[in-house]
Amino acid sequence: MALTVQLWTPVVCGCTIHEVFDPDDETVDKTYVTLDEAKEVLNKRGIDSDRIPPAKLCKSHQSLGHTTAMYDALRYDNDIVLNDTIHKVLLPNIAGLEEEQIAYTLDADRVLQVTLSEITLNPLKRTQLDADLVVKFGLGKVSIA
Ligand SMILES: [Zn+2]
């Protein structure tokens with residue numbers, strides 16, 4: 001089927017990148033492309049590609065450049081780290097916590113900094129959550145303030 005291009009902005013950070021996908025076939029993996037490659041994909045479909053905006057990388061992913069490694073890192077931070085931290089670690093383990101109470105930013109070292117509002121964690125729960133996060137993502141990947 002005909003591949004197309006979308007600008008994708010993850011929720012975890014301020015990146016905007018060009019992603020190629022097949023709108024008619026969800027089994028085809030999305031892949032990252034550079035601006036030139038994105039234009040090529042659109043040109044093949046007869047779509048005017050002159051107006052596609054350039055991609056931009058946030059401070060967390062900037063150092064990786066416009067590369068497949070950046071895309072993999074971005075997908076990991078957004079789809080795995082952020083999602084699993086919220087849905088597999090925080091929400092199931094903190095009684096009464098709502099998703100709206102969870103705020104986060106990804107710092108320049110790609111550490112997810114999480115803040116919980118209106119929740120005070122007791123030391124035991126905190127230690128348990130920190131341990132869960134280390135097991136899932138390794139040391140120093142997620143930090144709960
Ligand atoms: Zn980013």
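Which domains does the domain assignment of the protein give? Two spans are listed: domain 1 (4-71) and domain 2 (78-144). The model is predicted.

**Overall build**

The protein has 3 helices and 6 strands. Along the sequence, these elements run β-β-β-α-α-β-β-α-β. The radius of gyration is 18 Å, well over the 15 Å from the globule rule for 145 residues, so the protein is more spread out than a compact globule. Along the principal axes, the C-alpha atoms fill a box of roughly 60 × 30 × 25 Å. Buried residues account for 19% of the 145 residues. Take the contacts between residues at least 6 apart in sequence: 50% of them join residues at least 24 apart.

**The two domains**

The C-alpha centres of domain 1 and domain 2 lie 29 Å apart. Domain 1 puts 6 residues into the contact, and domain 2 puts in 6 residues. On the domain 1 side, the residues that touch domain 2 divide into 4 nonpolar, 1 polar and 1 charged.

**The nonpolar core**

The largest nonpolar core holds 21 residues. Within this core, Leu82, Leu112 and Val142 touch the most other members.

| Element | Residues |
|---|---|
| β3 | 31-33 |
| α1 | 35-44 |
| α2 | 68-93 |
| β4 | 102-106 |
| β5 | 112-116 |

The largest share, 6 residues, comes from α2. Domain 1 (4-71) and domain 2 (78-144) both give residues to this core, so the core lies between them.

**Helix α2**

Where is α2 kinked? The kink is centred on Asp84 and is about 40 degrees. The buried residues of α2 are Tyr71, Leu74, Asp77, Val81, Leu82, Thr85, Val89 and Leu90. What do these buried residues pack against? Their partners are β2 (17-21), β3, β4, β5, α3 (123-137) and β6 (142-144).

Leu82 deserves a separate look. Leu82 is buried in α2, and it is one of the core residues that touch the most other members. Leaving out residues up to four places away in sequence, Leu82 touches Val11, Val12, Asp77, Tyr104 and Leu112. Among these partners, Leu112 is also named with Leu82 and Val142 as touching the most other core members.

Key
Residues numbered from 1 in each chain as written. Predicted model: local features only at pLDDT ≥ 70, side-chain atom pairs only at ≥ 80, totals over all residues. Core = buried A, V, L, I, M, F, W, Y, C linked by C-beta atoms within 7 Å. Buried ≥ 20, exposed ≤ 12 C-beta atoms within 10 Å, placed from the backbone. Helix = DSSP H or I, 4+ residues; strand = E, 2+ residues; numbered from the N terminus. Domains from an automatic or database assignment. Contact = placed C-beta atoms within 7 Å. Rg over C-alpha atoms; globule rule 2.2 N^0.38 Å. Nonpolar A, V, L, I, M, F, W, Y, C, P; charged D, E, K, R; others polar. Bend = angle between axes of the 7 residues up to and from the residue.
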